[in-house]
Amino acid sequence: MYFRWVEKVKKFDIQTYQNLIKDVGGINVENLFVFMGKVQETFGCVPREVVRDVAMKTGFSEARIYGALTSYRDFKV
Amino acid sequence: MKETKLLTRRVGKYEPPDLKVYEAQGGLAALRRALEIGPESVIEEIKRAGLVGRGGAGFPTGPKWAMVAGEKEGQKYLICNAEEGEVGTFKDKVLLDGDPWLVLEGILIGAYAVGAEKTYIYINGEYEQTIELWNKLVIEARKAGVLGDGILGSKISVDLQVVKSKGLYITGEEFALISSLEMRRAAGRLKPPYPTEKGLFERPTVVNNVETLANVPVILSEGVEAYCNLGVADEPGTRLFCLSGDVKKSGVYELEIGSGTLEEFINEFGRGTTSGRPIKAVQPGGGTSRFLAGESLNCKLTAQAIREAGSGIGTAGVIVYEEGKSAVEIVKGLMEFYGFESCGRCAPCRIGVVRMKEIVDKIFGGEGASDDLEQLRQISKACVEVSTCGMGQAFPLPVLSALELFPQDFEAAIEKVSA
């Protein structure tokens, strides 16, 4: 319970991000949690740019998304 | 006593995700039959089979489905709960790895019965290989026309999303699971409304354990009568028991409900305790269940008998502790885990678990005072009574029962210091 695999943090790049969106078939509320998990696995963290973009696309506030992300042990922001 | 392989009969017999072998071994027959007889009859059969949830709370599955199926309009959801974070429980992994098609069939039948088009399977993030397998399985199922628009040539469409949990024990609780899918902080909520009324995105939602859903295709293909012949009158069928702790051979065993006593099960399948010393205590339903000791180990392996003996069957994760271990040590280990995993939403659990941990640590470290036990008891009781979710109501139970069954351990730890 104390050990977690830590992925290497990569820099945000827009092309990879857009491919991720294409893979899940667009960001919507129903697959947001899965999408964020994929972002975490790809970049090793959830970059600020992604939070901003997701907030714009879903209508959630950035604060709410950060609030959720920081409560999970496997998300890094 | 012997194993009755009903759910696990195909485990190890084929290499998932291979649909052909599964179909050759009688797979997908239940789904075809369900599509033939219609959703009402499916729910009726599940009700007649008397299937209860295998995830811990033991809520009857048929009535739960009927509640959600009663809602005619709008989107409905079905979630398969494979989070399985409970201490000493690892039965779902056997089914998810060994016979994933059976679980998928259960999910599809469930979704068809309640009229849900979108389903999720929420898998524990530590089961990396299981998640990989399920991602492959979904692709395979889409290709074979089992999943997606028009399953098996019918007009029903069901979609499955594999979700990887993000490492919190509390997400095994149904409302915390729903909160996390809604991209909120994972925490329990006050009930009612139950998820069957207002669940995911405020829509009716069914949340079922993996083992519960794996029972569904078996009931439909074997027939209700054959299924009810197994087990006892009130609790038909089989159950997967996980055996761990101080036993020589731990593992998952599928047993007919009520086929033997708890002590027989530990001695025959676990081959006795590790050091050969007698059993001190047993937790029959995972880390949050009360201890059983002495005479009460002779109870039958049914939910009712274990309840009467003074504990609960919960997730059927049997944890054995042998003689020579102090109850203070056992409780300390459990408190460490639950202290780490409390979500912090409601005060009794958030503050109570820390205070309980402090007191137990104090006693264990040899600085206990005589009024500590009374304080521990009071905090536990308060926590059981006023917590919001199942975790807060359940984690003090082992502490309370340890104080009841082994007061001498605690007193000895306190007295050693004062002397």
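In chain B, take the contacts between residues at least 6 apart in sequence: 72% of them join residues at least 24 apart. Two residues count as in contact if their C-beta atoms, placed from the backbone, lie within 7 Å. This is a predicted model, where local features need pLDDT of at least 70 and side-chain atom pairs count only at pLDDT 80 or more, while totals for chains, interfaces and linings use all residues. Residues are numbered from 1 along each chain as its sequence is written, and chains are lettered from A and ligands numbered from 1 in the order in which they are written.

Next, the overall build. Chain B has 18 helices and 8 strands; these are DSSP runs numbered from the N terminus, helices being H or I with at least four residues and strands E with at least two. The radius of gyration is 22 Å, close to the 22 Å from the globule rule for 419 residues, so chain B is as compact as a globular protein of that length. That radius is taken over C-alpha atoms, and the rule is 2.2 Å times the number of residues to the power 0.38.

Now strand S2, residues 118-123 of chain B. 6 of its 6 residues are buried, so the rest of the structure largely encloses S2(B). Buried means 20 or more other C-beta atoms within 10 Å of the residue's own, with C-beta atoms placed from the backbone. Lys118(B), Tyr120(B) and Tyr122(B) cover one side, and Thr119(B), Ile121(B) and Ile123(B) the other.

Finally, the neighbours. S2(B) runs parallel to S1, residues 77-82 of chain B, with 6 bridges joining them. Another 6 bridges join S2(B) to S3, residues 159-164 of chain B, also parallel. Strands pair if DSSP finds at least two bridges between them.

Technical notes
Buried ≥ 20, exposed ≤ 12 C-beta atoms within 10 Å, placed from the backbone.
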